[in-house]
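My entries are below, in the order I made them.

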Amino acid sequence: MAPTQNLSTSAPPPLHTFHVHHRAVPYRLFAVVYLSAILLLFYHHLYKLTNLLLHSTTCSFPLVFLHLSMVLADAILAFMWITVQVFRMRPIQRRTFPDNLVKMLDKSGKYPGLDVFICTADPYKEPPMSVVNTALSVMAYEYPTDRISVYVSDDGGSKLTLFAFMEAAKFARHWLPFCRANRLVERSPDAYFGNNHSSSEDIEEMKTMYEAMKVRVENIMERGEVNEECLTCQRERVALNKWRPGFTRQDHPTVNEVLLDNGEDRDITGHKMPNLVYIAREKSKSSSHHFKAGALNVLTRVSATMTNAPVILTLDCDTYSNDPITPLRALCFLWEPLKGLELAYVQFPQHFSGINENDIYANENKRLYRVNPIGMDGLQQGTYYVGTGCFFHRRALFGSPSSQLFTERRELNPEHVVDKDVKFEADLSMAHLVANSNYEDGTNWGSKIGFRYGSLVEDYYTGYKLQCEGWKSVFCDPERPAFLGDIPISLHDVLSQNKRWTIGLLEVAFSKYCPSIYGIRSMGILMGLAYSHFAFGPFWSIPFTIYAFIVPLAFINGVSSFPKVTDLLLCLYVFLFVGAYAQDLIDFLLTNGTIMQWWSDQRMWLIRGLTSHLFGSIDFFLQKLGFSALIFDVTNKVVDDEQSKQYEKGVFKFGVTSPFFVTITMAAIVNLITFVVVVLRVVFLPEKFGEMFVQMFISGFVMVNCWPIYEGIALRVDKGRMPMKTATISLLLVGILHYVTFYLINTC
Ligand SMILES: O=c1ccn([C@@H]2O[C@H](COP(=O)(O)OP(=O)(O)O[C@H]3O[C@H](CO)[C@@H](O)[C@H](O)[C@H]3O)[C@@H](O)[C@H]2O)c(=O)[nH]1
Ligand SMILES: [Mn+2]
């Protein structure tokens with residue numbers, strides 16, 4: 001292991017250290033070799049192309065077209081490979097020493113305030129009980145309770161969610177002291193009672209109390225209405241009365257409820273409670289609400305009027321805390337007096353609970369959440385923001401490190417000190433004002449201040465813009481995951497989520513802030529390329545479409561451009577393919593993955609290329625042309641028992657009719673047919689094997705990846721099988737494609 005940094009005998013005990021991973025040096029050497037191979041391939045492409053053009057007749061048009069397509073595919077693959085190298089140049093691993101920080105903070109007695117933002121948007125896709133668990137898990141942080149404030153943004157504008165939080169506020173008075181007394185590590189009640197091994201009278205009592213709350217909340221969820229008898233006091237009645245006739249999710253006034261106030265509320269042992277504030281910002285059909293970024297900006301302002309803590313933690317409603325000392329770990333970086341100034345955020349990776357053994361839908365997203373961030377963390381400016389599990393320096397949301405931007409109201413600026421309780425009347429009316437749907441008109445919110453608008457992946461975009469301004473960030477991945485979130489467990493949900501990301505990324509790629517131009521100019525080549533890797537990620541769909549459709553269809557119609565087995569060039573292809581795949585596998589294994597998980601991951605990468613990336617790109621361009629509007633389709637977090645059982649077993653769920661499934665089924669059919677044709681040709685004309693080999697390999701490889709699809713069409717009878725309609729449409733489309741190819745090739 002390389003020597004750790006920051007250690008010296010005279011210096012105070014370190015708060016954090018890091019070391020560079022061993023793999024950095026061999027990776028750099030390999031990059032040089034691989035790059036030479038890519039150059040060789042393009043030399044060959046160029047040579048062949050000029051040759052073709054020089055001797056071209058109208059008849060060679062199909063071959064020229066095929067060759068051009070392959071050059072385009074390879075160019076995109078090469079670009080993606082180059083951008084990935086940035087993550088492999090200097091991956092680092094960090095360690096934190098929260099004990100040293102605690103000693104320091106205990107001595108000074110100055111624990112910084114922490115404002116936690118939790119966003120939810122739909123009580124039926126994001127069950128309020130799950131949001132409540134997230135909130136309870138952070139309210140119970142191992143941190144002075146009077147320094148924590150939890151703000152819940154409800155874009156669903158639902159009284160069901162508010163009711164759940166009224167219940168949570170009461171339950172928290174028991175839960176927080178219980179966590180402290182028993183030194184729990186799992187402070188989300190659901191996770192704790194779900195895994196609890198020991199049992200005692202205390203634990204049983206607490207469990208009964210929790211279950212009772214859950215039943216009350218689930219009852220009102222079932223009824224879709226909060227009945228009078230569920231309410232226990234006048235205050236609750238007043239709050240819920242705000243849902244007057246005409247109150248809809250898209251059109252309603254602000255609802256702002258202080259559910260716990262640390263100035264007056266105490267737990268059952270007399271300790272101060274953290275603040276807990278519910279806010280459903282004003283919505284009106286006439287103004288854009290900018291989805292989650294808009295919600296976060298409202299929370300930034302509302303919290304500024306009430307507590308204005310210097311540290312902000314952003315959480316999605318499903319991301320509960322899995323380790324109570326996480327804020328201390330984040331502060332190991334944020335609180336270091338000198339460096340803290342340029343540090344915008346400390347990002348913890350997204351980890352998930354409930355992933356099945358082989359992670360069939362690649363929900364873990366190891367590249368995105370683990371492998372690439374450690375690589376960027378080793379660069380000058382650090383990693384990207386992934387939307388949840390991230391601690392911000394509030395100041396970073398207000399202009400670059402060197403020149404702060406001031407807002408339209410003194411109270412909203414980061415240095416403004418709030419010294420009153422959250423329930424202070426004047427602050428409450430101010431909170432209402434800054435949550436108005438037209439408050440941001442004519443201000444810098446969303447453009448230069450706060451979370452940035454303009455992309456459906458507001459996380460990626462905001463992190464990127466902050467880093468362009470000169471802010472740094474840190475990636476912190478302790479052994480025990482700091483947070484755990486939910487995953488979509490149907491293929492359709494996974495792909496819909498990915499389609500939204502695709503659109504959001506393309507919005508950035510094709511804006512004036514394109515990372516390959518603006519990013520490189522602002523942050524240098526490495527950071528710019530790293531951000532480009534994601535922004536142009538949807539382009540994976542181009543080589544996949546070419547190799548899964550155009551190349552095999554041309555091949556069975558007699559047009560091919562692959563080298564023969566005896567050709568030396570084949571070695572180059574083999575090296576490029578095996579080299580890229582093997583290195584990807586190594587990356588995976590080095591971050592605690594298994595071979596089977598890696599296999600699922602590469603399969604999902606191919607599937608995304610032919611589905612969500614493809615349709616997302618089409619949607620993006622349609623929207624650019626004004627044909628469709630952008631929506632943020634919230635990921636479903638509810639699962640039924642049957643679905644989870646099937647997922648547990650590792651079986652793909654298709655079930656619904658969706659365009660996503662048409663393209664992958666088509667790829668499965670085209671490559672099956674090609675494979676059969678190629679094998680038959682070899683059987684009857686063995687001397688042709690040399691010419692057939694590469695196509696046979698490619699189609700065979702696609703087929704192995706498509707196994708769950710064949711199974712879904714032919715071997716399954718359950719509800720999750722591939723719908724007959726999808727299979728039929730796909731077959732029909734393949735027929736048309738084949739006919740068109742045949743016609744084009746044979747009419748010249
Ligand atoms: O209008 C909206 C839409 C969404 N959300 C919230 O945003 C979060 C993320 O939404 P989700 O449907 O879970 O999206 P995912 O694709 O699972 O989330 C990833 O991608 C998002 C960007 O598309 C990021 O915001 C998230 O942090 C990141 O985890 C959830 O808490 C939602 O409640 C809102 O508050 N308002
Ligand atoms: Mn999510």
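These notes go from the ligand to the annotated residues and then to one helix and the spans listed as transmembrane.

**Ground rules.** I am working with a predicted model, in which local features need pLDDT of at least 70, side-chain atom pairs count only at pLDDT 80 or more, and totals for chains, interfaces and linings use all residues. Residues are numbered from 1 along each chain as its sequence is written, chains are lettered from A and ligands numbered from 1 in the order written, and side-chain values use heavy atoms, with hydrogens and water left out.

**Ligand 1.** I looked up the shell first (a residue belongs if one of its heavy atoms lies within 4 Å). I found 23 residues around ligand 1, the closest being Asp155, Lys292, Glu458, Thr635 and Lys637. By type, the shell holds nine nonpolar, six polar and eight charged residues. Here Ala, Val, Leu, Ile, Met, Phe, Trp, Tyr, Cys and Pro count as nonpolar, Asp, Glu, Lys and Arg as charged, and the others, Gly among them, as polar.

Which elements each supply at least two residues of the shell? I noted strand E3 (114-120) and helices H9 (291-306), H13 (458-468) and H14 (491-509). H14 gives the most, with three residues. Helices (H or I, at least four residues) and strands (E, at least two) are DSSP runs, numbered from the N terminus.

Next I checked the side chains against the ligand's oxygens. A polar side-chain atom of Lys292 lies 2.7 Å from an oxygen atom of ligand 1. For Lys637, a side-chain N or O atom is 2.7 Å from a ligand oxygen. For Gln497 the corresponding distance is 2.8 Å. The protein covers 96% of the 670 Å² of accessible area that ligand 1 has on its own (Shrake-Rupley method, 1.4 Å probe).

I turned to UniProt, where an unreviewed entry lists Lys292 and Asp316 under "binding site". Such annotations may be inferred rather than shown by experiment. The two are spread over 25 residues of sequence, yet their largest C-alpha distance is 9.5 Å.

Lys292 is in helix H9. Is Lys292 buried or exposed? It counts as buried, at 14% relative accessibility (buried is under 20%, exposed over 50%, partly exposed in between; 1.4 Å probe, protein chains only). Asp316 is in strand E7 (residues 311-316) and is partly exposed at 22%. The side chains of Asp316 and Lys292 make a polar contact at 2.8 Å (N or O atoms within 3.5 Å; within protein, one must be able to donate a hydrogen and the other to accept it, and residues adjacent in sequence count only if both atoms are side-chain atoms).

Asp155 sits in the loop between strand E4 (148-154) and helix H5 (159-181). Asp155 is buried, at 10%. Beyond four places in sequence, its contacts (heavy atoms within 4.5 Å) include Arg249, Arg281 and Lys283. Asp459 is in helix H13 and is buried, at 15%. Outside its sequence neighbours up to four places away, Asp459 touches Tyr385, Val386 and Gly387.

**Helix H13.** Eleven of its eleven residues are buried, so H13 is largely enclosed by the rest of the structure. Just after H13, Gly470 takes a positive phi of about 110 degrees.

The unreviewed UniProt entry's list includes residues 64-87 and 565-583. Residues 64-87 are 100% helix, with end C-alpha atoms 36 Å apart. Residues 565-583 are 79% helix and 0% strand, with ends 24 Å apart.
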